[in-house]
Amino acid sequence: MRQKKLKFVDLNLIDRMGVTHDQMPIDFPDRPIHLEIGSGKGQFITKMAAAHPKIHFVAMEVNINVCYRIAEKKAAMGLDNLSIILDDASNVSLYLGKRRAQRLYLLFSDPWPKKRHHKRRLTYPTYLTLYKGIMTDDAQMVFRTDHAAFFEDSLLYMHANARLIDVTYDLPRSEFMTEYEEKKRQNGPIHQLIAEVNHDA
Ligand SMILES: C[S@@+](CC[C@H](N)C(=O)[O-])C[C@H]1O[C@@H](n2cnc3c(N)ncnc32)[C@H](O)[C@@H]1O
């Protein structure tokens with residue numbers, strides 16, 4: 001995500017804005033949890049939280065400047081059903097209990113096109129195994145990208161770890177789009193897959 005370094009953003013400010021980064025389990029309210037990893041500036045998750053007050057949303061983002069933008073939106077919109085985590089996806093289970101999240105959004109994750117970098121992709125099997133630990137039995141993963149090769153590879157990664165429910169190669173516009181989705185739509189179709197977690201695999 002292209003985001004200028006914001007000189008005034010540091011861990012103290014982020015703490016005061018209620019962003020979590022202590023790698024301790026979060027005491028979530030007793031509501032369904034929908035998680036987004038790599039939330040960018042938070043347009044999607046803040047709109048979703050505003051539209052679905054009975055669901056508790058969690059945004060996880062590794063870039064502190066981008067995280068600040070999510071916290072800024074959360075405050076401006078007065079959202080009390082959104083938690084923000086500043087950390088790397090590989091640490092997600094430190095914050096969420098076992099079998100807790102009912103939905104996981106991976107939207108326009110970095111495609112890492114070079115083969116030697118594929119294992120950094122947030123849909124790579126090692127990540128899918130990690131996600132399984134924090135997701136409920138019937139949980140769904142939603143993945144969107146404009147990157148055809150990344151999408152095809154992700155379909156294969158999913159096959160081994162989840163049951164595909166829906167695959168579309170030309171997702172219609174919706175009111176819930178990320179910043180990247182709005183931008184990438186100008187260049188071509190958006191692909192989306194929805195998969196149900198397979199705890200038996
Ligand atoms: C290409 S941007 C897309 C942002 C947003 N989802 C959108 O569609 O506008 C990818 C985002 O994922 C974040 N990210 C990349 N790797 C991550 C990781 N391992 N853990 C958490 N966030 C990550 C980046 O900091 C960046 O904000």
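The points below move from the overall fold to the sheet, the helices, the ligand shell and several individual residues.

1. The model is predicted. The chain contains 7 helices and 7 strands, and along the sequence they follow the pattern α-β-α-β-α-β-α-β-α-β-α-β-α-β. The radius of gyration is 16 Å, close to the 17 Å that the globule rule gives for 201 residues, so the chain is as compact as a globular protein of that length. Taken along the principal axes, the box filled by the C-alpha atoms is roughly 40 × 40 × 35 Å.

2. Burial and contacts. Of the 201 residues, 38% count as buried. Among contacts with a separation of 6 or more, 79% are between residues 24 or more positions apart.

3. In what order do the strands of the open sheet lie? The order is 3-2-1-4-5-7-6, and the pairing across these 7 strands is mixed. Strand 3 and strand 6 (162–168) are the edge strands, each pairing on one side only. From one strand to the next, the twist averages 20°.

4. Strand 4 and its partners. Strand 4 runs parallel to strand 1, to which 4 bridges join it. Within this pairing, Ile 33 stands opposite Ala 101, and Leu 35 stands opposite Leu 104. Strand 4 also pairs with strand 5 in the parallel sense, over 6 bridges; there the bridge partner of Arg 103 is Gln 140. Strand 4 is mostly covered, with 6 of its 7 residues buried. As background, the side chains of a regular strand alternate between the two faces of the sheet.

5. Helices against the sheet. Helix 3 lies across strand 2 and strand 3, and runs at about 165° to strand 3. Helix 6 (residues 148–161) lies across strand 5 (135–145), strand 6 and strand 7 (191–197); its angle to strand 7 is about 10°.

6. Helix 2. Which residues of helix 2 (residues 43–51) are buried? They are Phe 44, Ile 45, Thr 46, Met 48 and Ala 49. The elements covering these buried residues include strand 1 (33–37), strand 2, helix 3 (64–77), strand 3 (82–86) and strand 4 (101–107).

7. The ligand shell. The ligand is surrounded by 20 residues, of which the closest are Gly 38, Gly 40, Phe 108, Thr 178 and Tyr 180. Strand 2 (56–61) and helix 7 (179–184) each contribute at least two residues to the shell. Helix 7 gives the most, with 3 residues. By class, the shell divides into 9 nonpolar, 6 polar and 5 charged residues.

8. Most residues other than glycine have a negative phi.

9. Tyr 95. This residue is found in helix 4 (residues 92–95). Why does Tyr 95 count as buried? It has 22 C-beta neighbours inside 10 Å, and the threshold for burial is 20 or more. Leaving aside neighbours within four places in sequence, Tyr 95 is in contact with Thr 20, Pro 25, Ile 26 and Ile 85. The C-alpha atoms of Tyr 95 and Asp 146 are separated by 30 Å, the two residues being 51 residues apart along the chain.

10. Asp 27. This residue is found in the loop between helix 1 (11–16) and strand 1. Asp 27 is exposed because 7 other C-beta atoms lie within 10 Å, and a residue with 12 or fewer counts as exposed. Asp 27 and Gly 97 are 70 residues apart along the chain, and their C-alpha atoms are separated by 9.2 Å.

Technical notes. Residues numbered from 1 in each chain as written. Predicted model: local features only at pLDDT ≥ 70, side-chain atom pairs only at ≥ 80, totals over all residues. Near = placed C-beta within 6 Å. Nonpolar A, V, L, I, M, F, W, Y, C, P; charged D, E, K, R; others polar. Contact = placed C-beta atoms within 7 Å. Rg over C-alpha atoms; globule rule 2.2 N^0.38 Å. Pairing = 2+ DSSP bridges. Axes fitted to C-alpha atoms, helices over the stretch in contact; angles between N-to-C directions.
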